[in-house]
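This report looks at one annotated position and at one interface between two chains. Please view the sequence and the structure first.

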4 protein chains.
Amino acid sequence: MDIGFIGLGEMGTAMVANMLKAGHRVRVWNRSPERAQSLAQAGAQVVATPAEAFAGDAVFSMLADDTALREVVSAGLLEGAARGLIHVNMATISVTLAEELAHAHAARGLHYVAAPVMGRPDVAAAAKLTIIAAGPAEAIDRVQPVFDAIGQKTWRIGSLAQQANVAKLAANFMLASAVETLGEASALLGGHGVAMQDFLDIITSSVFPGPVYQGYGKMIAEQRYEPALFKARLGLKDVRLALAAAELVSTPLPVGSAVRDSLLEAIAHGDGEKDFAVLGKVAARRAGR
Amino acid sequence: MDIGFIGLGEMGTAMVANMLKAGHRVRVWNRSPERAQSLAQAGAQVVATPAEAFAGDAVFSMLADDTALREVVSAGLLEGAARGLIHVNMATISVTLAEELAHAHAARGLHYVAAPVMGRPDVAAAAKLTIIAAGPAEAIDRVQPVFDAIGQKTWRIGSLAQQANVAKLAANFMLASAVETLGEASALLGGHGVAMQDFLDIITSSVFPGPVYQGYGKMIAEQRYEPALFKARLGLKDVRLALAAAELVSTPLPVGSAVRDSLLEAIAHGDGEKDFAVLGKVAARRAGR
Amino acid sequence: MDIGFIGLGEMGTAMVANMLKAGHRVRVWNRSPERAQSLAQAGAQVVATPAEAFAGDAVFSMLADDTALREVVSAGLLEGAARGLIHVNMATISVTLAEELAHAHAARGLHYVAAPVMGRPDVAAAAKLTIIAAGPAEAIDRVQPVFDAIGQKTWRIGSLAQQANVAKLAANFMLASAVETLGEASALLGGHGVAMQDFLDIITSSVFPGPVYQGYGKMIAEQRYEPALFKARLGLKDVRLALAAAELVSTPLPVGSAVRDSLLEAIAHGDGEKDFAVLGKVAARRAGR
Amino acid sequence: MDIGFIGLGEMGTAMVANMLKAGHRVRVWNRSPERAQSLAQAGAQVVATPAEAFAGDAVFSMLADDTALREVVSAGLLEGAARGLIHVNMATISVTLAEELAHAHAARGLHYVAAPVMGRPDVAAAAKLTIIAAGPAEAIDRVQPVFDAIGQKTWRIGSLAQQANVAKLAANFMLASAVETLGEASALLGGHGVAMQDFLDIITSSVFPGPVYQGYGKMIAEQRYEPALFKARLGLKDVRLALAAAELVSTPLPVGSAVRDSLLEAIAHGDGEKDFAVLGKVAARRAGR
């Protein structure tokens, strides 16, 4: 397919590389153009404006947050696009913005698909992302070959674009809760002289298998929060978005509120750039350890 | 081995059956003697008093809660036992009582081992329990053949008996947090029209595999809370014990507090005998659904 | 003084009436001009644009929320104002917006004073408002005669305008906590058959005197939440602003989070337009009553 | 009247002194007899056993906690008492124990009145206590003259003794919430450079008058937590009793849970013997200050 791609962070760069490998033609744009060099060598066409990327069969975007996306879009991007273009936004953004964008695209005859992903840069590089897609079914059908080039599975979650964002935020909320809970459990165990690693061995080989408990649990057990796989500061961003999504439908998330408070405490103590697992440190500090 | 066994609920009965199968001689006692009939047919010797069971190489107990255990023990059980007897308590009790019992046994030349288990009656029947053991290493060594007859793995977690209880309560706390979080996520998703089952398919095949998310998640998705695999009322008991264990070492568990509040709300609405997953109903009700 | 006034809701109308009574000349503007009629009869000059009000010695604004204020200001208001004009914003807005406005005004040679008030419309009508002012001291000195016309006391809380907003939001947070606590206490007492009114009589005549406990307590005791003196929906707005102000300085407010969850629950059950005291209903419902 | 009095802590000693002043004959008992010396000089008859005090027209008790009271009562006190004796327990105990005692007394033809008090030792010395009484009305009528000798007002809250304990615990819960809220507000204000004392001046002279906000607020503003007027450790005891009372009627107290977590954190950091206002320190520490 003839694809545009906006936003070449670690995730975006890995995605584009896999799109190129799968034979798609990709025009790429990034605020800092140097990020595009390696992709140019791999066959991508580097363009000078977002508008040039916002063309072809479909355009994908992977920008850092609501602010970055609003800024790019507000520069007349939709007004200048050809009717029928499919815009697939793969970033984790707010439900409010997703809903706004879906309406704005539809009003101009464009298709808006939300397709946030689960998986970190190494997973993206291996083309093993889990993709959560929502929006017009026909549009998703058309971009499915591109999804196949970058992910191991695409889950369709609804016909309203923002539903994919809700699902992604719910997953991140669950992740946040699991890490907070591991931190609290660790503080409880430590108070009684039980080794966190021993406890982790038990639960990860029985009721709580999987990468979340193993990965974050190990960091908490070792009190080693750097290098960060997922920064506490970004974790707070996601929890805040989940709480905002819940507020839109008047839904209290008491555990979400508790995690938010803990993340604020981590940031207050200068640990915002450390791994999310630093919640273990917060729980230990509260217990005077 | 020559074993006594006190407490023939569903779990105890399944354990004794497997002990007998493995060739151990077992004297059994239960407050309601009729529970012992099937085991008598399988070769167990039914005795009339706890004191008769509290003899031989080792005695195992599996009573409902602190109160039941205190009552049986307070009738002079320890005073009448032969020095060197090993008492293995497999029930989930408070850390305070475990510590008291460890001291009381040691003072009379008896060995006290805490060996709470993970797994429900069907797991116990299949001799697949996960056993978390703590206490004097030599005593655990001696009863290991019995553990092997009822469980698939024994994890040794410390030399102080109560440490096994702490680990078990921490695991139950994590379970409680996971179910509460599933309930809250379900309310968030439902508010935006995303099907919980679709969401579960995504997370259980990626970041959150395992029986907890699949099993409780399915009940929440189907809003089907009976028959109860693990009752909300018993869930509250365990969360209360975890909070008490944490209080002993001045450790706040904010998520534990949140789950406690939700379980109280479930019980207030008459759902205490329903499955723990009824936390999904609590979260939905708060959101007006 | 020669004053402009923007925003003629219940509060604004009462304030302007008192300014006129004290002899000040007031040009008033409101989005819906009919709100200005009664003030015109009392001597106010009704103007057709915010820009006409944004002139003279000082201009006061009392708009509903951040959005309303941003909209009015963004229409070139500051650019068109004469250097040295003092803008006194008496509304409860976000700390972020207050800080932005302070900078924007200073950059154009204008003075920005934040002067949020405590007191409801009846208090405003009686010229008994409590005024919390912050910003450049000299500017506050100059408008003090106007404050004296509408309030019983002006408290100066700092030299940065947004500090007055922080103080006002902290006061509203305390109010919210007190009402939530009354609601929870009421649920506890009700469960044991103790009459809330009896309890209120005790505490308001001893440790908790004052209008908050008496007023909201009485509504909770009588389970009468209409007519609303302060709507739950607006209460949530203020709690949200307090949490946001706290987040700016990485400060967790666990009680604030708890109140937010309760207010969301009230709104989810259709009680957003009822009085804030409806938190008593939330607490009772959680307890199954 | 002919009175017995059990428990001569600071509060009990002050009460007995005022009973003597009012002309009552008082037999006093305390575990540590030296506490009785000053009262003996004032006319009290010191007795050697609780049983000797548990006689006459009425006996009052003011012991430290449930454990102390259970210990004294369990030594056959009720069995040895003359039918018709009125036992007035003025201590803050659990609702469960109050209910048990009411039944146990009634079963032996004794009257049990719960009459917990509000006010610290200086208030007790001034005979200005607020008394919250519940139990059989006739029994309360008979001891009213004694109440009049030690308190400024007696509030009758119900016919079941434990209802007075519920009311007292609810009042203490409200106090705890107010102090926690002051602490959180202080952390918010401090983060923005607003002086807590300035804020206190505003709220205590408007919406939040009264001793709680003035007294604890001042300690928080001055970060001075010693000498303790009401220790954090005892505050936790009361919050725990309130949560337990609420649990008996399946009532969640989310703010209660939050305060409990904060008090645990204070104790974990070695501040259990400091004043309850040390919650301000907890809130500041969480915010990294």
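## The annotated lysine

In which helix of chain A is Lys168(A) found? The model is predicted, and in it Lys168(A) belongs to helix H9 of chain A, which covers residues 161–191. The unreviewed UniProt entry places the feature "active site" at Lys168(A).

Is Lys168(A) buried or exposed? Its relative accessible area is 9%, and buried means under 20%, so Lys168(A) counts as buried. Leaving aside residues up to four places away in sequence, Lys168(A) touches Thr92(A), Pro116(A), Val117(A), Met118(A) and Ile132(A).

## Where chain C meets chain A

The contact between the chains draws on 16 residues from chain C and 16 residues from chain A. Together, chain C and chain A bury about 1,300 Å², with 49% of this area on carbon and sulfur atoms.

Four salt bridges are found across the interface of chain C and chain A. One of them joins Glu247(A) to Arg260(C), with the closest N and O atoms 2.8 Å apart. Eight residue pairs are in polar contact between chain C and chain A, counting pairs with both residues at pLDDT 80 or more.

## The side of chain C

On the side of chain C that touches chain A, helix H11 (232–248) and helix H12 (254–268) of chain C each supply at least two residues. H12(C) gives the largest share of this side, eight residues. By type, the residues on the side of chain C that touches chain A are eight nonpolar, three polar and five charged.

Methods
Residues are numbered from 1 along each chain as its sequence is written. Chains are lettered from A and ligands numbered from 1 in the order in which they are written. This is a predicted model: local features need pLDDT of at least 70, side-chain atom pairs count only at pLDDT 80 or more; totals for chains, interfaces and linings use all residues. Side-chain values use heavy atoms; hydrogens and water are left out. UniProt positions are given in the numbering used here, feature names are shortened, and annotations may be inferred rather than shown by experiment. Helices (H or I, at least four residues) and strands (E, at least two) are DSSP runs, numbered from the N terminus. Buried means under 20% relative accessible area, exposed over 50%, partly exposed in between (1.4 Å probe, protein chains only). Contact means heavy atoms within 4.5 Å. Buried area is the accessible area (1.4 Å probe) that two parts lose on being put together, summed over both. A salt bridge is a side-chain nitrogen of Lys or Arg within 4 Å of a carboxyl oxygen of Asp or Glu. A polar contact is a pair of N or O atoms within 3.5 Å; within protein, one must be able to donate a hydrogen and the other to accept it, and residues adjacent in sequence count only if both atoms are side-chain atoms. Ala, Val, Leu, Ile, Met, Phe, Trp, Tyr, Cys and Pro count as nonpolar, Asp, Glu, Lys and Arg as charged, and the others, Gly among them, as polar.
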